[in-house]
Amino acid sequence: MLTTLDFVVLTAYLLGVVAFGVWAGGTQESTEDYFLGGRDLPWWAVCFSVVATETSTLTVVGVPAVAYGGTLAFLQITIGYLVGRILVGVYLLPRYHAGQLETAYAFLGNRYGSAMQGAASVTFLGTRLLADGVRLFATAIPLKVVANMAGVEATYVQIILIIGVVTAVYTLVGGLRAVVWMDVVQMGLYVGGALAAIGFLLGDVPPGWWGEAVAAGKTNLIDLGLDKSFGRWWTQPYTLGTAVVGGAIFSMASHGTDQLIVQRLLACRTEADSQKAVVGSALIVMVQFALFLGVGLLLWGHYDGASVDALGLQRGDEVFPKYIIEGLPAGLSGLILAGIVAAAMSSLSSSLNALASSSVNDLYERISGRSVSVDRGLLLSRLLTLFWGVVFVGFASLFQDSNNPVVELGLSIASFTYGGLLGAFLLGLWHNGTRQADALVAFVASIGGMVLVIFGVWHSPAEGWIFVLNPSDVRIEEARLRTIGWPWYTALGTAINLGIGSVLALRHQDAVGGSTE
């Protein structure tokens, strides 16, 4: 059970975060300082920040649940992540640095025009609001479980408000520099907590547990999918082919076209530093996923492979919090809980700064038609950071139970948009004949196409959802659908975008370069 010492540790961490974040942020003299740290951040700190940004509380408690209930084959996806990030470093980062761009979508503005830049930016804002606003609520789920286990009554709104306010304060004051250096600290905290948990679990597991795990297939690392039919092979998310190809394309989109990550890479001192940061992040993610999968495997041994129901839990992601409360000594439980909060704050702070950056550079200056002064730009940047912080807290507080299906939609919202974003960038790089109208139509069509694919529009043997469209009846109901594995979503959306954009470009084959219309 949690003790007073644990709560002291957690409280001290929250207070320390604000103080350190404000101190690390220093002073900013321009929006470039505020959003890009003056382009003077060391690559290794940016690398850690990228990893911390893509790591949420759901990673800390969810990846162990994957190993507890399944195998270690989830680690295959990191091979695709490495391939995708190498391609980002080779093909996309040189374009960003060549133009001294401040956002990823400025590339689309230079290539096509302000309408395409605005469309991509608005899509990014919507994606971040849904994905990270809902993720903030989802973060409160395991924390509420932990609090209830400890006999402390806490509501989702209270947890969301505390995390949101603390994160917004140091992000608003310190800008990206504060976010990056706090990410370094927060990553060290949650990784250290996982290592500590592994150390105690190794002393708790019964003799012979490893042999039992091997016999049960829990230690399988590679799943070639050869035992499945060709049709079923496409529906499995973690077979080797799907993980490598689908994971690579997904990683190209998430780390090459999402302002959340690109902003950090642009804060490095040189193009070479940015490349080291993005490739290095993939290697660290491999180690990090292996670490959390190891926690899950050890938890399986510790609880003798008991089912989630037998442990008195509702979901697999409650297993690790249960051990934190019941199996760790006083003080260490509070430290690991601080690590879980740290993972949430690193994602939220990154989103707040990236949203404000895109709002100022991609939308405000384009819509107003003029650049803002240095003082006004800094004030506007901080006001927008505060605005998005309030929006995140308010949006996350709308949900009051973990069974709301919108939670799953918000957490997977990137599947709708990443293909369209990556396709727009690749279309601009590979097809000189495309114009702004071609890119816009292809972009909208790819996102619309993915909505149909993900929700489903045809009947087949697996469970899913289907649209029912009648003159007097428009609804979504359960149906028997076959869906593809989620790593293929981005690849499919990218293919739709490239295909439609290329066909539309045939209307003006004699066009030279990337003129707009």
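Which side chains meet in a salt bridge at 2.9 Å, N to O? They are those of Arg-85 and Glu-54. This briefing works from a predicted model. The protein has 517 residues, and buried residues make up 57% of them. Its secondary structure comes to 20 helices and two strands.

**Overall picture**

- The structure holds six salt bridges. Three of them are described below, Arg-85 with Glu-54, Asp-40 with Arg-269 and Lys-276 with Asp-273.

**Helix α3 against helix α13**

- Two packed helices are described by the angle between their axes and the distance between the axes.
- Helix α3 covers residues 43-54, and helix α13 covers residues 271-302. They pack at an angle of about 45°, and their axes are 8 Å apart.
- Why is α3 called oblique to α13? The angle of about 45° is the reason, because angles under 35 degrees count as roughly parallel and 65 to 115 as roughly perpendicular. That makes α3 oblique to α13.
- The two helices, α3 and α13, cross in a right-handed way.
- On the α3 side, the contact is made by Trp-43, Val-46, Cys-47, Phe-48, Val-50, Val-51 and Glu-54.
- On the α13 side, the residues are Asp-273, Lys-276, Ala-277, Gly-280, Ser-281, Ile-284, Val-285 and Gln-288.
- By type, the residues of this contact divide into nine nonpolar, three polar and three charged.

- Side chains of opposite charge can pair when their charged atoms come close.
- Buried or exposed: how does Arg-85 count? Arg-85 counts as buried, because its relative accessibility is 1% and the cut-off for buried is under 20%.
- Glu-54 is partly exposed, with a relative accessible area of 29%.
- Glu-54 also belongs to the contact of α3 with α13.

**Salt bridge: Asp-40 and Arg-269**

- Asp-40 pairs with Arg-269 in a salt bridge, and the closest N and O atoms are 3.0 Å apart.
- This pair links distant parts of the chain, 229 residues apart.
- Asp-40 sits in the loop between α2 (31-36) and α3. Arg-269 sits in the loop between α12 (259-265) and α13.
- Asp-40 is partly exposed at 46% relative accessible area. Arg-269 is partly exposed at 47%.

**Salt bridge: Lys-276 and Asp-273**

- The side chains of Lys-276 and Asp-273 meet in a salt bridge at 3.5 Å, N to O.
- Both residues are in helix α13, three residues apart, so about one helical turn separates them.
- Lys-276 is partly exposed, with a relative accessible area of 40%. Asp-273 counts as buried, at 12% relative accessibility.
- Lys-276 and Asp-273 are also among the α13 residues that contact α3.

**Thr-171 in helix α8**

- Thr-171 is found in helix α8, which covers residues 156-204.
- Thr-171 is buried, and its relative accessible area is 0%.
- What does Thr-171 touch, not counting residues up to four places away in sequence? Thr-171 touches Tyr-34, Val-179, Ser-349, Leu-352, Asn-353 and Thr-385.

Note on methods: Residues numbered from 1 in each chain as written. Predicted model: local features only at pLDDT ≥ 70, side-chain atom pairs only at ≥ 80, totals over all residues. Heavy atoms only, no water. Axes fitted to C-alpha atoms, helices over the stretch in contact; angles between N-to-C directions. Helix = DSSP H or I, 4+ residues; strand = E, 2+ residues; numbered from the N terminus. Parallel < 35°, antiparallel > 145°, perpendicular 65-115°, else oblique. Left-handed = near helix turned anticlockwise from the far one by under 90°. Contact = heavy atoms within 4.5 Å. Nonpolar A, V, L, I, M, F, W, Y, C, P; charged D, E, K, R; others polar. Salt bridge = Lys/Arg side-chain N within 4 Å of Asp/Glu carboxyl O. Buried < 20%, exposed > 50% of the residue type's maximum accessible area, 1.4 Å probe, protein only.
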